[in-house]
Amino acid sequence: ATWKYAIEESITDVQGVYATKFKEYIEKNSDHKIKIYPYGTLGESVDVMEQAQAGILEFVDQSPGFTGTLIPEAQAFLLPYVFPENSKAIDNFFKNSKAINEMFPKLYAKQGLELLKMFPEGAVSITTQEPFTKPADLNGKKIRVMTSPLLVETYKEFGAVPTPLAWGEVYGSLQTKIIDGQENPMFWIESAKLYEVSEVITDIGHNIFTTAVMANKRFFDSLSKENKKLVKNASEHAFNYILDYQKSIIKKAKEKIKKDKPSIKFVTLTDEQREPFRKGAQKVYKKFVELTGKSGEKILNQMLEDLKEASK
Ligand code: 6CS
């Protein structure tokens, strides 16, 4: 059979490279075929998710920044300063986390989804028109976020006016100055050419962009034991490739941006400058528990334990 797999990015972006590795494994080790649908071919991320839940698509990649409206607990990945900056620890976490491997699959299952993998796409940077070093500098600035209530809370605490938008509206809104900025990993700022409509790229160390690959649960449950194993092995194969891949493209992305737009400013806030942002983050943690109740608190505690373990 041909299995359909939709992603939120283009085929050469991180989600596309992951999907390609997955496809290669499946097609090499079975008679099944995978057809990948890049961003723009089936609608926005939320539309694609509906299609995956309905079983029109067998596989889907959607990031917690969008899944948060369906599974509020998934927003734990968006919590500011939850991740360490040490990349080895991040790898260990995504490989071994009990929250990811044992707890989140149950929540996704309730929405008709078989959670296959979660993986990082790199540190999140903030693009703006003017430099900022403290939350007060962001007062009145409209910063686009993915459509997650928790990201809205985060940017309120960061001093800004959070503006949730679907991806398709971001470039145009920056170009027409409807918004002042947005947040995304460096590879995406380069590949989506967001730097063309931004002046400053700032690193405050607040998040690692996380994404998730799922299968329609009815489809997955209907597979033979052998085919389930095939899908799991393909996921493992793509995952192991992507951990190094996403790290290897950051420097190149930065260089390309510099070359194409020499006037761009890269800023990294010092630990001291990050302090007020970290302080604001504390309130976002409270908000997360408010939004997700006991279930969210439990999964967040497990995540924090997993992160501690991963940093050892
Ligand atoms: O900001 C967004 O909406 C997009 N960012 C990334 C890195 N991937 C897909 C997502 O739609």
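In this predicted model, Ala, Val, Leu, Ile, Met, Phe, Trp, Tyr, Cys and Pro count as nonpolar, Asp, Glu, Lys and Arg as charged, and the others as polar.

Q: What makes up the shell around the ligand by class, nonpolar, polar and charged?
A: The shell has five nonpolar, three polar and three charged residues. The residues around the ligand are E8, E9, S45, S63, E121, M146, W167, N184, P185, W188 and F209. Glu counts as charged, and E8, E9 and E121 are among the residues listed.

Q: Which residues of helix 6 and helix 12 make the contact?
A: Helix 6 brings P149, L150, E153, T154 and E157, and helix 12 brings G280, A281, K283, V284, K287, F288 and L291. By class, this contact has six nonpolar, two polar and four charged residues.

Q: Why are helix 4 and helix 12 called oblique?
A: Helix 4 (residues 87-96) packs on helix 12 at about 130 degrees, with the axes 8 Å apart. Roughly antiparallel needs an angle over 145 degrees, and roughly perpendicular ends at 115; helix 4 and helix 12 are therefore oblique. Here A89, N92, F93 and N96 of helix 4 meet D306, L307, A310 and S311 of helix 12.

Q: How do you know how confident the predictor is in the chain?
A: The mean pLDDT is 98, and 100% of the residues reach 70 or more.

How values were computed: Residues are numbered from 1 along each chain as its sequence is written. This is a predicted model: local features need pLDDT of at least 70, side-chain atom pairs count only at pLDDT 80 or more; totals for chains, interfaces and linings use all residues. A residue is near a molecule or strand if its C-beta atom, placed from the backbone, lies within 6 Å of it. pLDDT is the predictor's confidence in each residue, from 0 to 100. Two residues are in contact if their C-beta atoms, placed from the backbone, lie within 7 Å. Helices (H or I, at least four residues) and strands (E, at least two) are DSSP runs, numbered from the N terminus. Axes are lines fitted to C-alpha atoms, for helices over the stretch in contact, and angles run from 0 to 180 degrees between N-to-C directions. Angles under 35 degrees count as roughly parallel, over 145 as roughly antiparallel, 65 to 115 as roughly perpendicular and the rest as oblique.
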